[in-house]
Amino acid sequence: MKLSKGNLFIITAASGAGKTSLVKALIADNPKINVSVSFTTRKPRDGEIEGEDYFFVDENKFKKMSKNDEFLETAKCHGSFYGTSKLTVLEILNKGNDIILEIDYQGAFNIKKIFPEAISIFVIPPSINALEERLNSRGLDSKEDIKLRIAAAKNEMSHLEKFDYVTINDDFEKSLIELNKIVNKKSESRELKTKNQILNHKNLIDKLKK
Ligand code: 5GP
């Protein structure tokens with residue numbers, strides 16, 4: 001499908017890389033950009049709001065929606081289903097507005113198949129230790145869960161070569177500036193192109209995938 005009007009941005013990260021806070025700040029800087037609210041079968045975490053963080057549904061409802069072709073893409077992550085609403089995304093794009101999808105790498109690849117012009121961005125942590133610290137300090141996951149999430153993060157990051165851009169979230173403000181450059185299509189964002197980031201941060205990127 002051709003993106004004739006609005007821009008579609010995909011932001012992917014391993015959990016704990018700081019993606020959600022970055023996207024919130026990015027939207028505050030760019031109030032005209034919309035964020036797609038996904039459907040999930042995962043149970044809400046403390047503080048999560050229905051319709052704001054996710055639409056929380058049971059597996060039956062999710063399967064029905066999937067059968068009715070209501071999703072642009074779906075994926076299974078950490079044992080739960082996640083899906084992007086087709087209607088919401090197409091409505092926003094057709095009005096000429098921009099939208100961000102905060103989805104995993106499988107979703108990113110599926111969206112790229114539908115919209116080859118979508119711009120995909122991978123947010124990586126500055127190290128595996130930093131990721132572990134962030135997951136610990138969130139206090140949301142057990143020790144076992146954290147181990148699983150780190151393994152999943154490494155798997156997720158092994159796909160970063162296929163993304164258009166990479167930002168390293170070692171400093172929140174710096175990473176936010178980089179995201180702003182990308183979504184506003186500034187020429188300086190060239191330095192953030194994945195092939196350049198891989199050249200400039202080879203050691204880090206190799207380590208994150210191991
Ligand atoms: P969490 O449960 O921690 O909010 O999200 C787990 C993972 O699912 C994250 O990588 C998040 O980006 C991804 N995710 C959230 N919504 C969707 C979606 O609609 N589609 C896909 N493919 N992944 C999603």
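## Who lines the largest pocket

Helix H1 (19–29) is the top contributor to the lining of the largest pocket, giving six residues. Strand S5 (71–77) and helices H4 (105–114), H5 (128–138) and H6 (143–157) are also among the elements that supply at least two residues each. Helices (H or I, at least four residues) and strands (E, at least two) are DSSP runs, numbered from the N terminus.

This is a predicted model, where local features need pLDDT of at least 70 and side-chain atom pairs count only at pLDDT 80 or more, while totals for chains, interfaces and linings use all residues. Residues are numbered from 1 along each chain as its sequence is written, and side-chain values use heavy atoms, with hydrogens and water left out.

## Its space and its residues

The largest pocket holds about 1300 Å³ of space. A pocket here is an open set of points on a 1 Å grid over the protein atoms alone, where a 1.4 Å probe fits, with protein on both sides within 12 Å along at least five of seven lines; lining residues have an atom within 4 Å of a point. Volume is the space filled by probe spheres set on the points, which are joined across faces, edges and corners.

There are 43 lining residues, and Lys-19, Thr-20, Arg-45, Tyr-54 and Glu-102 sit nearest the centre.

## The second largest pocket

Strand S6 (80–85) and H6 are the elements giving two or more residues, and H6 gives the most, with three.
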